[in-house]
Amino acid sequence: MRRFGRTLVTAALAVALVGGTAGWASGDSQTAVTGPPPGTDAWRADTVSGRSLPDPATTAPREVAAFFAGLDDAARHRLLRSHPLVVGNLEGAPLPLRYEANRIAVAATGEARYASLAAPGRRILAFDPRGRGQVVEVFGDLEHAEHVSVIVPGSDNDAAGYDTRRKPATGPAGMARSLRAATGAGSGTAAGSGGSTAVVAWIGYTTPVGVGLDAADGRLARAGAARLARFTAGLDAVGAPDPVLFCHSYGSVVCGLAARHTDAADIVAFGSPGMRADTAGALSTGARVWAARGPSDWIADVPNVEFAGIGHGVDPTSAAFGARRVPAADVEGHTGYFVPGTQSLAAFAAIAKGEAR
């Protein structure tokens, strides 16, 4: 009877969650962008020196890296010019080649909403114009960094709105700049800007729009988790250090589902509705798991349940979950975790540099 009672309570909370978001959900359901980028068919039909090209959908990033290592500069740049969208999104391809390919791919769209992404000095590591668009940007020198952090954002993030003006230290790019500055590495993106920490703003999946049913279930997170796992495998393939994943809001659901498939050194969930696991141990990762929630973050009002696919489970900041706690008593709202001077940003910087214990 006690178990039955708990089930009824859980079901009621799940219904309340769906009911509270149904008005939002009606027009906001998103189709996840998955699979290799546009232009893949032409890439598969091409060859170089009589050799087939690595399949973007099935070839492991380490094999992609080995393939490019066997090409001379002329062959690499011929592929870049012929297939910029594929090369720009190909995990395991050389980083400078991907930056150059994405400048070409962004410009080729001819769309004003993406134009700023092609500005000189920007390091766009991935760009996909399908749907609302996906974009991945590097802040710092990823090729030579001693430490790498990846910002995995939640709802309402895409390539189309990536450069929209926001409050400082919010949004994927703002968080990345703030974290990099807090590590002492500076906030610039140009080569030679100094520092041993690189930070990646990763909008490599289709995020929910608003606080609707997409944000309450795991469909988009599952698609995102597969892409995040492949992205981290790509970092490994080019010799980058094991990353720290900073996972905000719905992004923490993505990280929770991807955790066992990444080689992350640390996973930090903040402003999280749950990670689709009952405990940190259930994430089945060798990474240290951290969690933070500010006192005025509205995410605290989201029921921490999972029932019939709705809801994301246990609060990662709860004692029962077992994550290491990040101080966040001075954080304001849902997006204030990277504001300079906050306890959370100082703790994040220590984790990013491998100094936290």
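## Helices α7 and α11

In this predicted model, the axes of helix α7 (residues 171–182) and helix α11 (residues 343–352) come within 9 Å and cross at roughly 75°, where axes are lines fitted to C-alpha atoms, for helices over the stretch in contact, and angles run from 0 to 180 degrees between N-to-C directions. Helices here (H or I, at least four residues) and strands (E, at least two) are DSSP runs, numbered from the N terminus. The two helices α7 and α11 are therefore roughly perpendicular to each other; angles under 35 degrees count as roughly parallel, over 145 as roughly antiparallel, 65 to 115 as roughly perpendicular and the rest as oblique.

On the α7 side, S178, L179 and A182 meet L345, F348, A349 and A352 of α11, a contact being heavy atoms within 4.5 Å. By class, this contact of α7 with α11 has six nonpolar, one polar and no charged residues, with Ala, Val, Leu, Ile, Met, Phe, Trp, Tyr, Cys and Pro counted as nonpolar, Asp, Glu, Lys and Arg as charged, and the others, Gly among them, as polar.

## Helices α9 and α10

Helix α10 (residues 250–258) packs with α9 at an angle of about 60°, their axes being 8 Å apart, and α9 and α10 are therefore oblique to each other. The crossing of α9 and α10 is right-handed; a crossing is left-handed if the near helix is turned anticlockwise from the far one by less than a right angle, and right-handed if clockwise.

From α9, the residues R219, L220, A221, R222, G224, A225 and L228 meet Y250, V253, V254, C255, L257 and A258 of α10. Their classes are ten nonpolar, one polar and two charged.

## Helices α4 and α6

Helix α4 (residues 73–82) and helix α6 (residues 95–109) pack at about 30°, with axes 9 Å apart, which makes α4 roughly parallel to α6. The crossing of α4 and α6 is right-handed, and the contact is made by R76, H77 and L80 of α4 together with L97, E100, A101 and I104 of α6. These residues divide into four nonpolar, one polar and two charged.

## Basis of the values

Residues are numbered from 1 along each chain as its sequence is written, and side-chain values use heavy atoms, with hydrogens and water left out. As the model is predicted, local features need pLDDT of at least 70 and side-chain atom pairs count only at pLDDT 80 or more, whereas totals for chains, interfaces and linings use all residues.
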